[in-house]
Amino acid sequence: MKKKVVIIGAGLAGSLLGIYLARKNFQVELFERRPDMRKVDIGGGRSINLALSARGLHALSETGLVERILHIAIAMRGRMIHPVQGEVFFQRYGRDDSEVIYAVSRAELNKALMTAAEKHKNLHITFNTRCTGMNLQTGEVMVVNEETGEESVVQPKTVLGADGSASAIRNAMVEHGVSRFTLDYLDYGYKELTIPPGPNGRHQMEKNALHIWPRTTYMLIALPNLDGSFTCTFFFPHKGEMSFECLDTPEKVRSFFSEHFPDAVPLMPDFVQEFFDHPTGHMVTVKGLPWHVEDKVLLLGDAAHAIVPFFGQGMNCAFEDCSHLNALIERQMSYGRSPEKVRWDEVFVEFEKRKKDTDAIADLAVENFVEMRDYVAQEKFQLKKKVERVLADAYPGLFVPKYTMVTFRRIPYSIALERGAIQERILDELCANITTPDQLDLRKADLLISKHLDYIE
């Protein structure tokens, strides 16, 4: 009898999902293409720091891991904006220090989740094992040992594809003609750079902030690390007059950064070397359906709905996937069904209804890229943010900033997208003829808000 649930991918989503299932007494096997990162420095991976917020924290709380993870995270209270000229200034994310996001190393988080997963005797991770395909008729999964080249076939009870934006499981579903997906690559790429620790291992900039150098069509960001360094990411077009293809010599790179990021350059002694040593990353939005085939397989996380990183929700959305799937399984088990009797086909159909929300956060992420690189340093944007805070305080539960809905609440992403668009139109109208929040027409605000918005939790 096929008893094991197989998870393809022991990254963030796969490891967390394995913990959820193991806690429910499922027999779980995770297959991971890479070697064990706790023992081997795998290098060359995606090491961009991640922003952990309410949805991810909720999932970690459900699995009893939140305190452990917060020990390796740094609170970020808002954005520190670095203009080309002029003083650096701060934009708070939430209403106070209860609404912060947390910078966390992707690698350290993954290691912590793997260690927590392996504490369950009914869970096993097989490393150096790449999925090469799946037979959707039989449910068999084909894998190959990356060290020996030995191929084998796995016969699980069901398969959960958490193998990322280049998912082998999704590719098998597409090749078999059961699913259709689009992969929309952003015209921008990214380079990872480093601001090392200062004297005595101190951070050389404000520690509790996400730093942004917005430059209209491109930007540099920096997130803090526990060792006193910052991981910087330079987002830039792949091609064109101002693009990666033009920055092809050390002299051009040094000149460009010195002109456009003058306060960052003195803090990055090795940025030119890193620019050429580090690969140029690509960013993709993945959308499609179906995510499942009968009771045999389900895609989740980036495998089902990869998004660009500009709302800091890729990991949080994937963790919310795990939480949501867990809740659907709990509903099944509340009927008295044992792990062996769970109706995976029913669970998968219900889970797939999340697509409207994952499509929404994909759109919100692209929208936020424009905001971060183009608008955050503009006076009109700053005015709207101040008015938004006035309205949020005056109409709690009625006017909720879009960023708050996405980052500090677990309101469905689709609702955040819809309400965010309505609230943006209200802000545009209220800010059209004012220059300070003191000039806000509160009677007009009351009329617009009562007309267009209902209370949400």
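Author: What follows takes the terms one by one and sets values against cut-offs. This is a predicted model, where local features need pLDDT of at least 70, side-chain atom pairs count only at pLDDT 80 or more, and totals for chains, interfaces and linings use all residues. Residues are numbered from 1 along each chain as its sequence is written, and side-chain values use heavy atoms, with hydrogens and water left out.

Reader: Why is H211 called buried?

Author: Buried means under 20% relative accessible area, exposed over 50%, and partly exposed in between (1.4 Å probe, protein chains only). H211 has 1% relative accessibility, so H211 counts as buried. Its place is in strand β14; a strand is a DSSP run of E with at least two residues, a helix one of H or I with at least four, and both are numbered from the N terminus.

Reader: Which residues is H211 in contact with?

Author: Contact means heavy atoms within 4.5 Å. Leaving aside neighbours within four places in sequence, the partners of H211 include M80, H82, L220 and F230.

Reader: What makes the link from the side chain of H211 to the side chain of H82 a polar contact?

Author: A polar contact is a pair of N or O atoms within 3.5 Å; within protein, one must be able to donate a hydrogen and the other to accept it, and residues adjacent in sequence count only if both atoms are side-chain atoms. The two side chains, of H211 and H82, are at 2.8 Å, so the distance meets the 3.5 Å limit. The side chain of H211 also reaches the backbone oxygen of E206, at 2.7 Å.

Reader: Is D36 buried or exposed?

Author: D36 has 8% relative accessibility, so D36 counts as buried. D36 is found in the loop between β2 (28–31) and β3 (50–52). D36 touches M114 and F127, not counting residues up to four places away in sequence.

Reader: Why is N200 called exposed?

Author: At 76% relative accessibility, N200 is over the cut-off, so N200 counts as exposed. N200 sits in the loop between β13 (180–195) and β14 (210–214). Phi of N200 is near 60 degrees, a positive value in a residue other than glycine.

Reader: How do you know what counts as a cavity and what as a pocket?

Author: On a 1 Å grid over the protein atoms alone, a cavity is a set of points where a 1.4 Å probe fits but cannot get out; a pocket is an open set with protein on both sides within 12 Å along at least five of seven lines; lining residues have an atom within 4 Å of a point. Grid points are joined across faces, edges and corners, and a volume is the space filled by probe spheres set on the points. By this rule there is one cavity of 30 Å³ or more. The largest cavity holds about 50 Å³ of space. Its lining is K3, F26, Q27, K157, P339 and E340.

Reader: How much space lies in the second largest pocket?

Author: About 780 Å³. Of its 31 lining residues, the closest to the centre are E371, F381, K384, K385 and E388. α12 gives the largest share of the lining, seven residues.
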